[in-house]
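Colleague: Please give me a close look at the side chains that meet inside this model, one pair at a time. I would like to see where each partner sits before you turn to the chain as a whole.

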Amino acid sequence: MKASHRIRPVFDDPNLVSTAGLVPAVVLAESAGLHDLLEEQLSVPSPNATAKATSVVGGMLAGADSIDDLDLLRHGGMDRLFRGVRAPSTLGTFLRSFTHGHVQQLDAVGGHLLAGLARRVPAVIAGADTGQGVAFVDVDDTIREVHGYAKQGAGFGYTRVRGLNIQLATVATPLAAPVIARARLRKGSTSSARGAGRMLAQAITTARAAGVQGRIVCRADSAYYGWAFVGAALRHGAWFSVTARMTSKVTRAIAGIAEDAWQTIKYPHAVFDEAEQRWISDAEVAEVGFVAFTGRRQHQHVPCRLVVRRVKRIQPLASDGSEQQELFAVYRHHAFITNSTFSTVEADEHHRDHALVEQVIAELKDGPLAHLPSGKYAANAAWVALAVIAFNIARAAAVGAGLAKARWATLRRKLINVPARVAATGRRLVLHLPTHWPWADAWWSLHAVATGPPQPAAP
């Protein structure tokens with residue numbers, strides 16, 4: 001491909017837009033109840049708060065990762081397609097008017113919107129809308145690094161960088177990519193597990209409201225190994241799967257596993273032996289009965305299963321010669337507790353899939369959470385809440401377009417950031433989109449879902 005040099009660019013067409021895919025995405029959000037929810041629940045003292053909130057969400061859908069970037073909604077014929085778009089300076093003032101209570105109102109809007117999106121596009125949470133299905137609620141947190149001294153709440157956390165902490169809970173099924181049930185901004189010095197019980201409880205409630213009828217499995221890493229997380233799962237009738245910390249009690253339990261109890265599993269670089277009908281790899285799993293949290297009150301002791309995966313070390317460590325030390329010198333052990341009824345191998349596979357939440361975090365950081373744009377803590381918290389709303393709209397749009405597991409950046413490239421020319425015929429606007437657009441069929445599918453009746457649930 002070679003560019004022509006005989007080109008004279010002129011920015012003079014008032015009818016062109018660069019983000020035509022925002023039309024069906026915003027229509028889908030409206031049909032799921034976004035505007036009504038904002039009108040009913042958001043009481044921030046700012047005129048036209050609904051229009052301003054949806055302007056921020058629209059900008060995030062199109063790729064904005066800062067307040068200044070929200071100006072991309074004001075170009076060409078965008079004012080013919082959307083009403084109520086506000087300038088970045090107005091939106092910045094709007095975000096700075098939030099208080100903690102208003103941020104919680106946005107969180108509630110996000111939870112109710114997810115339920116509305118699931119009703120419009122049931123495949124958003126496919127496979128968990130019957131009593132036989134299973135859904136996974138994953139809780140994790142991340143540090144969003146910030147610079148300068150004007151960010152309220154910034155501090156040094158477990159990553160030893162100065163930033164703010166974002167905790168989130170996602171909902172996924174074996175058939176559907178994860179959506180965000182809840183998220184909150186916290187001070188940078190906050191420990192990971194702080195507020196884990198409340199976060200999990202809210203996430204489970206949101207998942208149920210979104211149509212999850214089957215079993216819920218709550219997963220987390222070792223930072224959440226404690227009664228707060230596990231107790232919340234038990235109170236809500238859910239299973240838990242939490243990475244165990246390598247305490248002396250856990251290591252004794254691992255050392256007590258009989259050698260013939262270990263079974264090989266499919267693992268990276270494993271080879272399946274057809275003759276023996278088993279996986280030949282350096283990874284094996286086993287389990288043993290376990291009682292967690294025995295240092296707490298009697299009613300908080302949790303009888304469960306300790307599932308252990310061991311992988312041979314490439315370079316064995318030096319050992320003192322004792323049997324237990326030999327075991328830990330030759331193998332690296334990864335243990336987690338669970339009360340599920342999955343087989344040992346299935347439990348290990350499902351627990352490893354907790355890494356899905358990391359993909360959601362990466363997508364957010366590649367989008368609206370590339371920055372926390374304000375110096376005011378509540379404004380940044382509102383920005384996070386609006387980013388969650390935008391993420392779930394994008395996920396529902398991807399499902400409606402037949403790109404169910406596409407990443408947010410892929411969705412923007414294929415469906416949202418599509419150039420078009422706005423024309424009028426009679427009393428209707430016509431969008432002239434590029435010919436031979438590779439993803440035209442997906443765009444039309446999204447448009448049909450956004451403007452048509454709710455899709456029927458899968459049988």
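Modeller: The structure holds 7 aromatic pairs. One of them is formed by Phe-94 and Phe-98, an edge-to-face pair with 5.1 Å from centre to centre and 80° between the planes. Keep in mind that the model is predicted. Phe-94 has a relative accessibility of 1% and counts as buried. Phe-98 is buried too, at 1%. Another pair is made by Tyr-224 and Phe-229: the ring centres are 6.1 Å apart and the planes stand at 55°, so this pair is tilted. Edge-to-face would need an angle over 60 degrees. Tyr-224 is buried at 2% relative accessible area, and Phe-229 is buried at 1%.

Next come the charged side chains. The count of salt bridges comes to 9. In one of them, Arg-310 meets Glu-259, with the closest N and O atoms 2.6 Å apart. These two residues come from distant parts of the chain: Arg-310 belongs to strand E12 (residues 302-312), Glu-259 to the loop between helix H9 (248-255) and strand E8 (263-264), and 51 residues separate them. What is the relative accessible area of Arg-310, and is Glu-259 buried or exposed? Arg-310 has a relative accessible area of 1%, so Arg-310 is buried, because buried means under 20%. Glu-259 has 53%, so Glu-259 is exposed, because the cut-off for exposed is over 50%.

The partner of Arg-305 is Glu-287, and the closest N and O atoms are 2.6 Å apart. Arg-305 is buried at 16%, while Glu-287 is partly exposed at 31%.

Arg-395 and Glu-363 also meet in a salt bridge, at 3.8 Å from N to O. Here the link runs between helices: Arg-395 is in helix H13 (residues 377-400), Glu-363 is in helix H12 (residues 356-365), and they are 32 residues apart. Both Arg-395 and Glu-363 are buried. Some bridges share partners, and in this way Glu-259, Glu-284 and Arg-310 are joined into one network.

Helix H11 (residues 344-352) has as its buried residues Thr-344, Ala-347, Asp-348 and His-351. Seen down the axis of H11, these fall within an arc of 100°, so they line one face of the helix. The buried residues of H11 pack against strand E6 (215-220), strand E7 (239-243), E8, E11, E12 and strand E13 (331-338).

Now the whole chain. The protein has 15 helices and 15 strands. The radius of gyration is 25 Å, close to the 23 Å given by the globule rule for 459 residues, so the protein is as compact as a globular protein of that length. The C-alpha trace spans about 85 × 55 × 50 Å along its principal axes. Of the 459 residues, 52% are buried. Among contacts between residues at least 6 apart in sequence, 67% join residues at least 24 apart. The accessible surface comes to about 21,800 Å², and carbon and sulfur atoms account for 52% of it.

Notes
Residues are numbered from 1 along each chain as its sequence is written. This is a predicted model: local features need pLDDT of at least 70, side-chain atom pairs count only at pLDDT 80 or more; totals for chains, interfaces and linings use all residues. Side-chain values use heavy atoms; hydrogens and water are left out. A salt bridge is a side-chain nitrogen of Lys or Arg within 4 Å of a carboxyl oxygen of Asp or Glu. Helices (H or I, at least four residues) and strands (E, at least two) are DSSP runs, numbered from the N terminus. Buried means under 20% relative accessible area, exposed over 50%, partly exposed in between (1.4 Å probe, protein chains only). The arc is that of the directions from the helix axis to the C-beta atoms. Contact means heavy atoms within 4.5 Å. The radius of gyration is taken over C-alpha atoms; the globule rule is 2.2 Å times the number of residues to the power 0.38. Accessible areas come from the Shrake-Rupley method with a 1.4 Å probe; for residues, only the protein chains shown count as cover. Rings of Phe, Tyr and Trp (its six-membered ring) pair if their centres lie within 6.5 Å; planes under 30 degrees apart count as stacked, over 60 as edge-to-face and the rest as tilted.
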